[in-house]
Each structure stands twice: as C-alpha cells, then as structure tokens.
Amino acid sequence: MQSAPAGSPSQSLRRRREAVVREHMQAENDRDFDRALDAFDHPRYELVATGQVYDGPEEVREYYRATRTAFPDQRNENVVLHHADDAVIAEFDLKGTHLGPFLGLEPTGRAFSCRMAAVFEFDGDRIACERVYFDLATIAGQLGLLDRLAGPDARRPG
C-alpha cells in the first residue's frame with residue numbers, strides 16, 4: 001500500500017473525514033441539528049453567495065431554524081465527495097419548497113433545486129468550517145423572487 005505524501009492525510013483520516021461529512025449532511029436532512037453540530041469543535045458556516053457568516057453554536061442553530069422555517073423540506077441529494085489535504089469538498093443538489101420567509105421575502109410556495117459545493121475545512125477529524133458556494137440567482141429565479149431580490153433600483157436591460 002502506498003503511503004500518503006508528506007503533509008497529506010492518511011487514508012484512515014480521509015475515511016474518517018468522509019464519514020463525518022456524510023453523517024453531518026444526513027443529520028441536516030434528518031433535522032437532527034444536535035447531531036449535525038457534533039461534527040464541529042466550534043460550528044461555523046460561511047455562505048459565500050450572501051456573505052452571511054454564522055459563528056458559534058447559537059448562530060448556527062439560528063441558521064438552521066431560519067432556513068428550515070423558510071424551507072421545511074430542505075434536503076441535500078446526489079452527494080459527491082472529493083478530498084483535499086485539509087478539507088472534504090461536497091458537491092450536492094440542495095432542494096426545498098419556499099413555505100416561510102426567506103431573506104425578508106414572503107413565501108412563494110415554489111420549489112427549488114440548485115447544485116452547490118461545500119468546502120468542509122478540517123482540524124484533524126473534526127469540521128472547522130463549512131463554506132458553501134451556490135448561485136443565489138438560480139434559487140431566486142426558481143422561487144420567483146429574482147426581481148424582488150434585485151430591488152427597485154436594479155438596472156434592467158431595454
């Protein structure tokens with residue numbers, strides 16, 4: 001068996017990290033947020049598309065509460081994992097139905113499906129940060145919110 005290059009995680013550590021990410025993502029699907037938070041030493045989410053950062057257990061719990069109020073059936077599907085030296089990168093489809101307030105906008109009752117990527121930074125075998133990349137315009141368009149998110153001052157062609 002070939003050993004990992006210097007500075008690279010061992011195969012055993014990679015397997016543990018992958019198991020942590022899969023368990024964390026399943027816990028989110030199951031709405032078992034205590035279990036989801038157990039993957040972190042100090043929970044931290046960064047949502048790149050909106051610039052929102054949730055740092056610490058109270059803020060991350062509020063993130064879970066707000067997103068599951070807006071999208072009670074929110075779930076990740078079709079997960080594909082990739083490994084880096086200090087991270088696991090997850091590609092997945094996030095799906096949900098807009099049944100509660102989202103970014104200050106009233107629910108539309110419409111569903112969305114958006115391909116996303118999340119970088120799970122690790123410290124040992126514990127998640128240090130989940131940084132999520134997605135296209136907010138894809139979600140807003142599917143929910144019928146694109147014009148409302150753009151606001152009255154947005155430039156429109158023509």
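1. Buried here means under 20% relative accessible area, and exposed means over 50%. By that cut-off, 39% of the 158 residues of the protein chain count as buried. The model is a predicted one, and the points below should be read with that in mind.

2. Overall make-up. The protein chain has 5 helices and 6 strands. Read from the N terminus, the order of elements is α-α-β-β-α-β-β-β-β-α-α. Among contacts with a separation of 6 or more, 55% are made by residues 24 or more positions apart. The accessible surface of the chain is about 8600 Å², and carbon and sulfur atoms hold 50% of that surface.

3. Helix 3, length. Helix 3 covers residues 57–70, which is 14 residues.

4. Helix 3, buried face. The buried residues of this helix are V60, Y63, Y64, T67, R68 and A70. Viewed down the helix axis they fall within an arc of 155°, and therefore they line one face of helix 3. The cover over these buried residues includes helix 1 (11–29) and helix 2 (33–37), together with strand 1 (44–47), strand 2 (52–55) and strand 4 (87–97). An arginine, R68, is on the list of buried residues and may be worth a look in the viewer.

5. Aromatic pairs. The whole structure contains 8 aromatic pairs. One of them joins Y45 and Y63; the pair is tilted, with 4.9 Å from centre to centre and 40° between the planes. Because Y45 lies in strand 1 and Y63 in helix 3, the pair ties together parts that are 18 residues apart in sequence. Y45 and Y63 are both buried. A further pair is formed by Y63 and Y64, whose ring centres are 5.8 Å apart; with the planes at 45°, this pair is tilted.

6. Aromatic cluster. F33, F40, Y45, Y54, Y63 and Y64 belong to one aromatic cluster.

7. D93. This residue lies in strand 4. Is D93 buried or exposed? Its relative accessible area is 14%, so D93 is buried. The side chain of D93 makes a polar contact with the side chain of R115 at 3.3 Å. Apart from its neighbours within four places in sequence, D93 is in contact with R75, N76, E77, N78, S113, C114 and R115.

8. Backbone angles. Most residues other than glycine have a negative phi. R31 has a positive phi, near 60°, and is not a glycine. R31 sits in the loop between helix 1 and helix 2, where it is partly exposed at a relative accessible area of 28%. N78, also not a glycine, has a positive phi of about 55°. N78 belongs to strand 3 (residues 75–84) and is one of the residues in contact with D93.

9. T108. The loop between strand 4 and strand 5 (111–123) holds T108. With a relative accessibility of 26%, T108 counts as partly exposed. T108 and T97 are 11 residues apart in sequence, and their C-alpha atoms are 8.5 Å apart in space. The side chain of T108 reaches the backbone nitrogen of R110 at 3.2 Å. Leaving out neighbours within four places in sequence, the contacts of T108 are H98, L143, L145 and R148.

10. Helix 4. In helix 4 (residues 136–143) the buried residues are L136, I139, A140 and L143. Down the axis of helix 4 these residues fall within an arc of 95°, so they line one face of the helix. L143, on that list, is also among the contacts of T108. Helix 4 is followed by G144, which has a positive phi near 75°.

Methods. Residues are numbered from 1 along each chain as its sequence is written. This is a predicted model: local features need pLDDT of at least 70, side-chain atom pairs count only at pLDDT 80 or more; totals for chains, interfaces and linings use all residues. Side-chain values use heavy atoms; hydrogens and water are left out. Helices (H or I, at least four residues) and strands (E, at least two) are DSSP runs, numbered from the N terminus. The expected span of a helix is 1.5 Å times one less than its number of residues. Buried means under 20% relative accessible area, exposed over 50%, partly exposed in between (1.4 Å probe, protein chains only). The arc is that of the directions from the helix axis to the C-beta atoms. Contact means heavy atoms within 4.5 Å. Accessible areas come from the Shrake-Rupley method with a 1.4 Å probe; for residues, only the protein chains shown count as cover. Rings of Phe, Tyr and Trp (its six-membered ring) pair if their centres lie within 6.5 Å; planes under 30 degrees apart count as stacked, over 60 as edge-to-face and the rest as tilted. A polar contact is a pair of N or O atoms within 3.5 Å; within protein, one must be able to donate a hydrogen and the other to accept it, and residues adjacent in sequence count only if both atoms are side-chain atoms.
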